[in-house]
Amino acid sequence: MDTPLHTIAVVGLGTMGTGIAEVLARAGREVIGIDVSDAAAGRAVVALEASTARAVERERITEEERRNTLARFRTFSDLQAAAGADLVIEVVPESYEAKQQVFRELDAVVRPETIIATGTNALSVTRLAADSEHPERVLGLHFFNPAPAMKLVEVVSSVLTAPAAVEAVTALARELGKEPVAVGDRPGFVADGLLFGYLNQAAAMYESRYASREDIDAAMKLGCGLPMGPLALLDLIGIDTARTVLDAMYAESQDRLHAPAPILKQLSEAGLTGRKAGRGFYTYAAPGTAEVVDDALTPRPLSGATAGREVRSVGVAGSGTMASGIAEVFAKAGYDVVLAARSLEKAEVAKARIGKSLARSVAKGRMTEEAREATLARIAPAGSLDAFAEVDLALEAVAEDLEIKQQLFATLDKICKPGAVLATTTSSLPVVACARATSRPQDVIGMHFFNPAPAMKLVEVVRTVLTSDDVHATVREVTAKIKKHPVDCGDRAGFIVNALLFPYLNNAIKMVEEHYASLDDIDAAMKLGGGYPMGPFELLDVVGLDVSLAIEKVLHSEFRDPGLAPAPLLEHLVAAGCLGRKTGRGFREYARR
């Protein structure tokens, strides 16, 4: 195993195998591509020719480097071609039988010191190694799709793997320009272990008809900054592949969050496996393409839809960051805004905060000084909710405490004129409980903005069973006028974003509790392997561990699923006053400001 890994065989030339072969060949390795299908081997060669041609056009490599790269990639249909390889990476279908057959044949072909790596993301590396004649040389090498672009590589050790083998492939990953993360052998490893639970919950949410596929995907892209929505990502990965991974995860964890949503089985068995089939959660122009085309489930404008109420003035209750951000959004969109706090002084401080925010926009060239002054002139600070007497839309952004909100809504009910829309920005409390504090529950709705409100495009529109159609239409119209993207969801804990985000964060904490991976490795895995803008522990410390714990408790209380119970480590940190960045310490320590 001290031999440099210069000649590498890739067994299985599907999308992932082809991508790995390209990475290796472009990094100067001799690559032996092996596939029983001559057609697959031919497609791999064509793909490499096309990608290197694009690289030449973009002046990333020279024509000579392209020729050398292509010369280093040879294809064969027999495993005998791997005889001289220093490393073999198998990327055949996710089946123990298929992979074990490859391992048995390789044992008879390759040198005793040759390292054998499986590209599995769902099967037990230990089980595969145990069937090998030399289990000490077997490990997992999990690339992410597309392999040429994605930086993460999970290096998976079993209890049988020799440390020298791990060191050799870890060094190779770094030489390829990748970021290797060392993990133990369990289904999904780090990135997929967290990712697929989240994808499964999204599929279940869609199956329950809680929200449309378009709204679920838009919510997670706009609310969390993710590159793709979960249902579109399932189509890209392959719904059959996702089901296989989840089956393996559930077999080990027995966590209901990992039990594949029935819709995954239904789509898989119908052959609707995603992009590769031309249809999955979405319908595509042709198999293998990314172009989504309309189908029977595509939302269409409703003829004769209910008209909304006229909104010219808006009242925002609260003086914190969210309240001032929402007031700024409405004022910039041309609405007259009353910003009410518990005192006029607090309301004026909130308006001053808006002034500073707008000044930054002027400094960055995003708005003119005239526009800034006009926006500020539309905001009237007030020290009492009595100033809401004539507003058309009253929106609260006070503390996330149901008793406080109910008292506020009872006050709004007495003050606001008939026909005014009353909205809450709650992220986790029942909207209907606020509505029932009034004599006009039909006028109450949820408008969940995301922080910072001026920058974040998403608004979750939460109607209760009592909300009238014209109030719902009003809020959707207003949301569009303030240049936000509305998504519809029902009045249940977490709505869309938090219901999908916080179980993922909770599972990340459990990984640390179980000493499976470090904070840094988990954060790196999700940023590099999942395209997340922040790792889970970075995000938890930003959100606040006390806020996160409160949301976890609400989700657990509503859905009664043991898998949603807050991780004990989260509870312990909150009890110790370690709440994240705002206290200087959470999962990590921060310099005091």
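Biologist: What is the order of the open sheet of eight strands with mixed pairing that includes β1?

Modeller: This is a predicted model, in which local features need pLDDT of at least 70 and side-chain atom pairs count only at pLDDT 80 or more, while totals for chains, interfaces and linings use all residues. Residues are numbered from 1 along each chain as its sequence is written, and side-chain values use heavy atoms, leaving out hydrogens and water. Helices (H or I, at least four residues) and strands (E, at least two) are DSSP runs numbered from the N terminus, and two strands pair if DSSP finds at least two bridges between them. The order is β3-β2-β1-β4-β5-β6-β7-β8.

Biologist: Which strands stand at the edges of this sheet?

Modeller: An edge strand has a single partner strand, so one of its sides is left without a neighbour in the sheet.

Biologist: About what angle does the direction of helix α6 make with that of β7?

Modeller: Axes are lines fitted to C-alpha atoms, for helices over the stretch in contact, and angles run from 0 to 180 degrees between N-to-C directions. The twist of the sheet averages 25° from one strand to the next. Helix α6 (residues 163-175) packs on the sheet, with contacts (heavy atoms within 4.5 Å) to β1, β4, β5 (115-118), β6, β7 and β8. With β7, its direction makes about 175°.

Biologist: Which residue of β12 is the bridge partner of valine 316?

Modeller: Strand β11 (residues 313-317) runs parallel to strand β12 (residues 336-340), and five bridges join them. In β12, valine 316 has as its bridge partner leucine 339.

Biologist: Are the axes of α12 and α13 parallel or oblique to each other?

Modeller: The axes of α12 (residues 321-332) and α13 (residues 344-363) come within 9 Å and cross at roughly 60°. Angles under 35 degrees count as roughly parallel, over 145 as roughly antiparallel, 65 to 115 as roughly perpendicular and the rest as oblique. The two helices are therefore oblique.

Biologist: Which residues of α13 make the contact with α12?

Modeller: From α12 come Thr321, Ser324, Ala327, Glu328 and Lys332. From α13 come Ala350, Arg353, Ile354, Ser357 and Leu358.

Biologist: How many of the 17 residues of α18 are buried?

Modeller: Buried means under 20% relative accessible area, exposed over 50%, partly exposed in between (1.4 Å probe, protein chains only). Helix α18 is largely enclosed by the rest of the structure, because the buried count is 16.

Biologist: Is phenylalanine 495 buried or exposed?

Modeller: Phenylalanine 495 sits in the loop between β18 (485-490) and α18. Its phi is near 50°, positive in a residue other than glycine. Its relative accessibility is 1%, so it counts as buried.

Biologist: Is arginine 560 buried or exposed?

Modeller: Arginine 560 lies in the loop between α21 (545-559) and α22 (568-575). Its phi is also positive, near 55°. Its relative accessibility is 65%, so it counts as exposed.

Biologist: Which proline has a cis peptide bond from asparagine 451?

Modeller: Omega of this bond is near 0°. The residue is found in the loop between β16 (444-449) and β17 (458-463). It is proline 452.
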